[in-house]
Amino acid sequence: MANQNGVHQTSADVIRMEHDYHPLPVVFDRAVAPREYIDMLSAYSAVNQGHCHPRIVAALVTQAQRLTLSSRAFYNSTALKLSRKWAYMVKGVPEGAAIILSVQGNFHGRTLGVVSLSTDPDCRAGFGPFLAGVGPTFVDGKETKTIRYGVAEDIERALELYGKRVAAFLVEPIQGEAGIVVPPEGYLARVAELCKAHNVLFICDEIQTGLCRTGKMLACEWDGVRPDIVLLGKALSGGLYPVSAVLADKAVMLCIKPGEHGSTYGGNPLGCAVAIAALDVLKDENLADRAQRLGEIFRTEVAALGMTVRGRGLLNAVVFEENAKKRSAWQFCLLLKSRGVLAKPTHVNIVRFAPPLVIEEDDMRRAIKIIGECYEELDKVGFLVARGYPW
């Protein structure tokens, strides 16, 4: 490709300019033997169905040749606006006083509204001021407290103090960007119970965890709960088209009236056709059961290598114990890449492994073998330098 001055730029030039996601130094165009990579990231769970699944591609092409966009005001609302509207219309919260609670370590996106919920300084620095009345903190007497993930007592206390003003509680069934943090068993059930007791909307962000990734269609099913609002995205299109959804019963959803909220591309025929095909693939190919079975194998085999592993289904992480290794998770991922396995760190000492749910068992076992070899060799500085890594 060429820059604005007409100077040709190589893939390496482009990688150096990329900073949003700190990408691995590899650029893909197409798969050509004999060079192979095992994808253990799935575009952050966007391609649960695998890359370019033929049924989803066919649905996109067929609909694209028929009708792509119709001019209409579609009620594809966002969870925060919907929750506030419900609080004022239904719950009776005084106008302008609604609160939306979250938890420490959350990641719900990068727009100004949702980074107001965040505790991650990388997401917040330089973007203030933030929305008032949203986030994981509350004042208890003279102390400002933060609602910890997995600690139901924290949200219980916040609701005791402010429940009459709280519109919603937003939580990930498993925290993804925080390092694949699985809450204690029964946590979601308990917070759902507390939300019901205080007439608060219980919202599950299933954008990464949903759509068969954890071994069930929705990760919240592990605790047997039915949220008031569910957020979906990523694998809802199989990675072929930007599609997201906010799901709720009519009693909540219809608080938004015609003309109050809309989106130019909301509900467009192309996106809907792709989403329907993507959902059909998940169901017809039994990908939830497959994720559960392969996930058990992954965690068992990786743990047998002496590594700390956690997760559910095919959403897993390997955690380097503090001071156990001289090198970082990023350097571990570079070594994996040199051996043909693609993964990304979520923090300095955590690596996420989330392959497409259609991965063959033999390929996954091959990836596990490489993971073990790289873990053993990670601290061999000469070995790494010989491969050109500038550490």
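## The largest cavity

About 50 Å³ of space lies in the largest cavity, and the structure holds 1 cavity of 30 Å³ or more. A cavity here is a set of points on a 1 Å grid over the protein atoms alone where a 1.4 Å probe fits but cannot get out; its volume is the space filled by probe spheres set on the points.

Lining residues, which have an atom within 4 Å of a point, are P173, P183, P184, E185, L188, A219, W222, D223 and R312. This lining divides into 6 nonpolar, no polar and 3 charged residues.

## About the model

This is a predicted model, in which local features need pLDDT of at least 70 and side-chain atom pairs count only at pLDDT 80 or more, while totals for chains, interfaces and linings use all residues. Numbering runs from 1 along each chain as its sequence is written, and side-chain values use heavy atoms, without hydrogens and water.

On one pairing, β7 joins β6 (residues 166-171) in the parallel sense over 4 bridges (pairing needs at least two DSSP bridges), with F202 as bridge partner of F169. β7 also pairs in the parallel sense with β8 (residues 229-232), over 3 bridges, and C204 stands opposite V230 there.

Terms used. Helix = DSSP H or I, 4+ residues; strand = E, 2+ residues; numbered from the N terminus. 1 Å grid on protein atoms, 1.4 Å probe; cavity = no way out; pocket = protein on both sides within 12 Å on 5 of 7 lines; lining within 4 Å. Nonpolar A, V, L, I, M, F, W, Y, C, P; charged D, E, K, R; others polar.
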